[in-house]
Amino acid sequence: MGPTGAKWASILWTLLCAGIAIMAVRETPRPQSLALWAAIWIVPAVVLVTIWLRRRERAPDGARVRAVARRQPLGRRVRKAVLNVHTLRGVLGIVAVLVIWQLAQPLGLPIIKRIPPLSDVVARFFADNGLFWRAKYWNGWTVSLFRIFSGFLLALIIGVPQGLAWGVSRTLKAGSFPVFEIFRPIPPLAFLPAAIYLMPTAELSIVFVIFLGAYFTIVINTINGVYNVDKSLQRAALSLGARRNDIFWKIIFPGTLPSIITGATVGMGITWMVLVAAEMIAGRSGIGFLTWESYTGGDIPQVVVGMVSMGIGGAICSAVIWRLGGNLMPWRRLF
Amino acid sequence: MATTVLKREGRIECRGVGKTFGEEWARTVVVQDASFVVEEGQLNVVIGPSGCGKTTLISLVAGYERPTAGEIVIDGQRVTGPGPDRLVVFQETALFPWMTSLENVIFGPIVRGMSAREARDEARRLLERVGLKGFEDKYPSQLSGGMQRRCELARALINQPKIMLMDEPFRGLDAMTRELMQEYLLRLFEETRTTILFVTSELEEAIFLGDRLLILSARPTSVKRVLPVDLPRPRDFRVLTTARYAELKQQALETLYEEAVKAFAEGSQAAYDLVEAFGRRSGGA
């Protein structure tokens, strides 16, 4: 797919994360070495930016090549990706909300006027003992994102193949789907007490409930995706001499991809909801834990800091999935 | 092309074919005792009202469905399932949306083990022949309706099928594109002489294209009448104004009308369609 460098970087990174996951089995990860954390977040950041700026196009002979856009200078590509009318509109929307937030108190808008105004929240964030200067805040980001990432990735790795298998084989589904359906309505958080009791570490129990949050949605969406693949396409493929293997990999899988992406996006939203609650109960760290701690300490501006952080984190994760989805499905790009 | 190769393959024979859907207590007989022979290298047009079971008939010949009575024999071999010797061009476009036109066309050869390079060269040649040069790397959603149809034709042709089954392939195209596509198909057929079973509900199209018309009855479907079309080949749009064309059309209409009246008396929706489709035309033409 990408250049070999990126491939090796991602392999290394996976190994690193696997190592940390093993550490997590024993204890909650801590920022023992700054370089370690930097490595964990710099690599995905670079990979993401690369994906963001990349547009796959084709040479006249049909071979995939890196696009003309790629040969343009980096600064220009960044400007093109960031400074466009859509981004501008988005920024305007955010600014409008911030203005309303700030003016809510002086204007006496009902209910919202009780939220500490933007200026107070910002002042609290950057105050001498504000979260901005505290290691536990930045560590909290890392820990929370790591939990989300592990749980979500696990859900994808298990959920997508399972959904595909159930979608393709009625026998398989008949045997195991009822069990799944009994577990599905149980809220992930209801699993938390059991998870804390069963799992060797609190860390793993949090990752487990996050996994559950995304898993069910991904499986259900994948199954439905398989069912929605146009039967006439499968017939056409059969007529052209395709075997079951070809039908699966070349017709059913790409046909299911849009549903998988939808499932992943919805699932990602659920993981953030689950994360915060899980951290409030089982965690000693993370953004959710900090928010809860601020509340019990009566520090409402800091609660808002925590909330905004979660919002930003969730939005980044969703944006990444959309973008990756778009790159995986070039035929869905609108022209 | 100068040489006309008469292939000695692609003979379809339907012997007393029947197809029933549903359980014993709620049966729908769609096809009943349909028998006909399509000789190799002929273009036969199946014509009948919408909903009369034409698509079912095509599915049976394609091997997607198994007949509940009788048998379908192709070149002496009984049909037991779909295969690349009989290619189907569908009513709705069945191009794979996640593949470019080129990838769509090479799909068949690739899954049957041809090398990618060879398949790509052949596909490029065919795409050029159907007038899609320069559109090799476009996705189906970027092509117009007529282009999608031609891409589908190329996807079928690359497999050098013995038989092409075309299920109202030009439905939904605008009148102009449709006429062009008809002429285009005729040229292709006259060059390659692949056996074609072409389904339509348009009488003009049927007579213009076919060597023979297989006129179907209303449901349960069987072949009501076989009408040979003795218009000379190669044909172009000028045959539409000849006396022989009008005569053939009149003959076909009589049969269809008779069938329509019969079905109408039974209050079937198909009969209404039949009158709608053919009554209107006979008045106009």
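1. In this predicted model, helix H12 of chain A, which covers residues 244-282, packs against helix H13 of chain A, residues 287-296, at an angle of about 60° and with the two axes 7 Å apart. The crossing in which H12(A) passes H13(A) is right-handed.

2. As for the residues involved, H12(A) contributes Leu275(A), Val276(A), Glu279(A) and Met280(A), and these meet Gly288(A), Phe289(A), Thr291(A) and Trp292(A) of H13(A). Sorted by class, the contact of H12(A) with H13(A) comprises five nonpolar, two polar and one charged residues.

3. H13(A) also packs with helix H7 of chain A, residues 135-168, here at an angle of about 135° and again with the axes 7 Å apart. This pair, H7(A) and H13(A), is therefore oblique as well. On the H7(A) side the contact is formed by Lys136(A), Tyr137(A), Gly140(A), Trp141(A) and Ser144(A), while H13(A) supplies Ile287(A), Gly288(A), Phe289(A) and Leu290(A). The contact of H7(A) with H13(A) divides into five nonpolar, three polar and one charged residues.

4. Two residues of H13(A), Gly288(A) and Phe289(A), are listed both in the contact with H12(A) and in the contact with H7(A).

5. Turning to the other chain described here, chain B contains eight helices and ten strands, and 44% of its 285 residues count as buried. Among the contacts in chain B with a separation of 6 or more, 70% are between residues 24 or more positions apart.

Definitions and conventions:
Residues are numbered from 1 along each chain as its sequence is written. Chains are lettered from A and ligands numbered from 1 in the order in which they are written. This is a predicted model: local features need pLDDT of at least 70, side-chain atom pairs count only at pLDDT 80 or more; totals for chains, interfaces and linings use all residues. Axes are lines fitted to C-alpha atoms, for helices over the stretch in contact, and angles run from 0 to 180 degrees between N-to-C directions. Helices (H or I, at least four residues) and strands (E, at least two) are DSSP runs, numbered from the N terminus. A crossing is left-handed if the near helix is turned anticlockwise from the far one by less than a right angle, and right-handed if clockwise. Two residues are in contact if their C-beta atoms, placed from the backbone, lie within 7 Å. Ala, Val, Leu, Ile, Met, Phe, Trp, Tyr, Cys and Pro count as nonpolar, Asp, Glu, Lys and Arg as charged, and the others, Gly among them, as polar. Angles under 35 degrees count as roughly parallel, over 145 as roughly antiparallel, 65 to 115 as roughly perpendicular and the rest as oblique. A residue is buried if 20 or more other C-beta atoms lie within 10 Å of its own, exposed if 12 or fewer, and partly exposed in between; C-beta atoms are placed from the backbone.
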